[in-house]
Protein chains: 2
Amino acid sequence: MAERLVVVGGDAGGMAAAMQARRARPDLDIVALEKGRFTSYSACGIPYLIGGDVDGHERLIAKTPQQFREARVDARILHEVMGVDLAARTVEVRDHEHDRTYTLGFDVLHVATGATPFRPPLPGIDGPGIYGVQTLDDGLRLWERAKAADAHRVVVVGGGYIGIEIAEAFIQRGARVTVVEAAPQVMVSLDPDMGALVTDAMRGLGMDVRVGVGVDGFDDGVVHTADGDIGADLVVLGLGVRANSRLGKDAGLATGEKDALKVDRRQRTSADGVWAAGDCCESFHLVAQRPVHFALGTIANKQGRVAGVNIGGGTASFPGVVGTAISKVCAYEVARTGLTEAECRRYGFDHDAATIESTNRAGYFPGAVPMKVKLVSEKRTGRLLGGQIVGREGAGKRIDVLATAVTAGMTVQDVVDLDLAYAPPFSPVWDPVQVAARKLAGA
Amino acid sequence: MAERLVVVGGDAGGMAAAMQARRARPDLDIVALEKGRFTSYSACGIPYLIGGDVDGHERLIAKTPQQFREARVDARILHEVMGVDLAARTVEVRDHEHDRTYTLGFDVLHVATGATPFRPPLPGIDGPGIYGVQTLDDGLRLWERAKAADAHRVVVVGGGYIGIEIAEAFIQRGARVTVVEAAPQVMVSLDPDMGALVTDAMRGLGMDVRVGVGVDGFDDGVVHTADGDIGADLVVLGLGVRANSRLGKDAGLATGEKDALKVDRRQRTSADGVWAAGDCCESFHLVAQRPVHFALGTIANKQGRVAGVNIGGGTASFPGVVGTAISKVCAYEVARTGLTEAECRRYGFDHDAATIESTNRAGYFPGAVPMKVKLVSEKRTGRLLGGQIVGREGAGKRIDVLATAVTAGMTVQDVVDLDLAYAPPFSPVWDPVQVAARKLAGA
């Protein structure tokens, strides 16, 4: 009998692995089990489906179960893995469509169970009008609700990436949007000074942004906050996600940072022949030099690919992440990489920081708009530790230069010296990231 | 008497040095001599002045002579340095405005004499309707001519950066534009396969692009080519520039690559107390590990700053360049960094190359348009040697990630592993530069 790989979870972390393993091992029997209705989709596209930028959820699907089957990966949707027996090398599977349970043997197991939106234990949080957004199934439920005639007043709880993207989506739908954020600023993954720029931008877009305001609970049509009650036809939670590590943990897999599954750089879990990738597991932060849990599509894809190469008998490793992220709220772009000042303090880096304002294009060129860049460096060595950008068109993706420089261990002087591309429609003669580096280098 | 710094040349390479020296040495007497009418302007902005994107040449001027004088830099326009006597430590200055010549002593000399558009020795090339574009004075002459009622038929000789930008400018003015390029494709700084994409794009914009066609000479209203005569109300030369090194050379300064002034990493010329920066001098190519001559505003600014810090008694060095450049022709963006395949062959690098097509945003996101990325790596080591990008919105500045990776000595696998920013409005989940790196890494 052929050796069997069972993949638990049908999105990026699972299916990237399945496809890599398929390529390397034509002999392998591969079964992928997905509890929801969809495989390989862009969860990051959900806000744009709701906002109307994307015309139909089918567009978010990269590969259907049928397409996987054509590639000889037996992808089964509405099949939920209820338990794993590592000693017996079996999984117990619930087939929701046919309402039956069966046991499936495996030789190799790959766990890619994803993450779930965090629901703090607040009164009323499990009420019907309160939505989290993580899977496409979640997204479709929210989308159905958003299209209803009475979805005028939307309250978004939490002003992180998902929060600001959902806020944008409902502004585009013409709803009245309130964002409630317990921290002093939205985008707590930025330093407060940069987060304040986003708060201001969102207010400028007509959103009611309440920072420093905790939520006390929910009732039908109302969110109770420290700042008073807010009427809400629907509520979306943007409070981050938690790794779906329960299945692996119950089977005896070790967990680490934020209760995510522990993996090494080859995506091996603590158990022989069991791999993991994506939102359910840790990654290694190359600057902080410690495990972290970031639930991001890029990481899931990379980890999945690496797991699949290794499962297929090759050798691949995922060196880690530097905490890069990007988002936008209408015309405003927000990006970060490496460590913030707050993270420097948390992880014990003695740091310097500098913030500058520049423009996306030469100042005299049509469409030149301001952007702010903040850089953080290690005090003793001048090594670039991180960067944050808030601006408009062309601002956000400049973070990639900083992500690359941080990964390479460059100093801020190295960034000053970089031979970056300049022409008036694209940049001032000193790119904004270099203007910031000059300030920080004292040059 | 105060020590005197004489700066020859009033644009970036000269004035960045003057301002840095001013800051470090308040005691220094600084005289800057500019033969033209303008100081510190964006020569790169000239095509956009002609095309109408920039409303008036004043907008291209970063700092006027008056502003320099207020900063205690004695900037003199229409003052041309005719000769340098290094032994006597004097320059001979022609004051064109008052039609007089005087001798000025210096303790320290900084040479930033720029470059001049190349005029091959063809019959009729010095005729009145044939324009080069380098200084703002050049640009204003061309602009005056462009605004005349009869500037309908424009022939651009040479399809490099200036050529394609000037072609765009005249298309925007409603002219009929013919581009004549002797090479098999425009943009010879790219490999031919990537240059062909630009040729196609320009034709799609309604330009008559004649590649593989040499120019034989010029007569009034006509350009003689191997492909027949082309009627021309005006002709613009885009055949590259030559370093204005004659003044320095006559004074005894050593020249090197392409007859540009030799400088070390601190911007010292071969003579004591004489510095140089900008288009008149060499830079060091960090990948090819040899001197090169690139006339670019970014390099002039960096070299000028470094020279000024050193003149001011500090210590700075300019490590070098990696050959990054960017341009656009209407909606099409073109960028390059590092070595092309042709350059690998020229400099003796055994290389691999891969080209991919991807999109600027997630494929399902509105405004997603195709882009092509070509990467070149060292065969034995996998080290990234260079990249080329042709695409539309958001394509060109992605070259900066590659420029940074090339500078850091990263391998293509390192690029695959980079933690680049992803969200659907900004990128596919694998950024196009990583899709190319994956192909080249065989991963």
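Analyst: In this predicted model, B:Thr340 is in contact with B:Ser189, B:Leu190, B:Asp191, B:Val376 and B:Gln388, leaving aside neighbours within four places in sequence. B:Thr340 sits in the loop between β22 (332-338) and α9 (341-347) of chain B. Its relative accessibility is 3%, so B:Thr340 counts as buried, the cut-off being under 20%.

Next, another loop of chain B. B:Met187 lies between β11 and α6. Its phi is near 55°, a positive value in a residue other than glycine. Most residues other than glycine have a negative phi. B:Met187 is also buried, at 1% relative accessibility.

Now the core. The largest nonpolar core has 44 residues. Within it, B:Ile50, B:Leu142, B:Phe170, B:Val198 and B:Met202 touch the most other members. Several elements of chain B each supply at least two of its residues: the helices α2 (46-51), α4 (136-147), α5 (161-172) and α6 (192-204), and the strands β10 (153-157), β11 (176-181) and β16 (234-237). In soluble globular proteins, nonpolar side chains tend to be buried together.

B:Met202 shows the packing in detail. Beyond its neighbours within four places in sequence, B:Met202 is in contact with B:Ile164, B:Ala167, B:Val179, B:Val186, B:Met207, B:Val209 and B:Val329.

On to the interface. Here 59 residues of chain A are in contact with 59 residues of chain B. The area buried between the two chains is about 5,100 Å². Carbon and sulfur atoms give 64% of that area. On the chain A side, A:Tyr364, A:Asp419 and A:Phe426 lose the most area to chain B. Together they make up 16% of what that side buries.

In a salt bridge, the side chains of A:Asp431 and B:Lys397 meet at 2.7 Å, N to O. Five elements of chain A each supply at least two residues of the side that touches chain B: α8 (297-311), β21 (325-329), α10 (399-408), α11 (412-417) and α12 (432-441). Of the chain A elements, α10(A) gives the most to that side, with 8 residues. By class, the chain A side has 29 nonpolar, 17 polar and 13 charged residues.

Back in chain B, consider helix α12 (residues 432-441). Of its 10 residues, 7 are buried, so the helix is largely enclosed by the rest of the structure. The buried ones are B:Pro432, B:Val433, B:Gln434, B:Ala436, B:Ala437, B:Arg438 and B:Leu440. B:Gly442 follows α12(B), with a positive phi near 70°.

Last, a loop in chain A. A:Ser40 lies between β2 and α2. A:Ser40 is not a glycine, yet its phi is positive, about 40°. A:Ser40 is buried, with a relative accessible area of 12%. A:Ala43 lies in the loop between β2 (29-34) and α2 (46-51) of chain A. A:Ala43 is partly exposed, at 23% relative accessible area. Its C-alpha atom is separated by 9.0 Å from that of A:Asp11, 32 residues apart along the chain.

Methods: Residues are numbered from 1 along each chain as its sequence is written. Chains are lettered from A and ligands numbered from 1 in the order in which they are written. This is a predicted model: local features need pLDDT of at least 70, side-chain atom pairs count only at pLDDT 80 or more; totals for chains, interfaces and linings use all residues. Side-chain values use heavy atoms; hydrogens and water are left out. A nonpolar core is a set of buried Ala, Val, Leu, Ile, Met, Phe, Trp, Tyr and Cys residues joined through side-chain atoms within 4.5 Å. Buried means under 20% relative accessible area, exposed over 50%, partly exposed in between (1.4 Å probe, protein chains only). Helices (H or I, at least four residues) and strands (E, at least two) are DSSP runs, numbered from the N terminus. Contact means heavy atoms within 4.5 Å. Buried area is the accessible area (1.4 Å probe) that two parts lose on being put together, summed over both. A salt bridge is a side-chain nitrogen of Lys or Arg within 4 Å of a carboxyl oxygen of Asp or Glu. Ala, Val, Leu, Ile, Met, Phe, Trp, Tyr, Cys and Pro count as nonpolar, Asp, Glu, Lys and Arg as charged, and the others, Gly among them, as polar.
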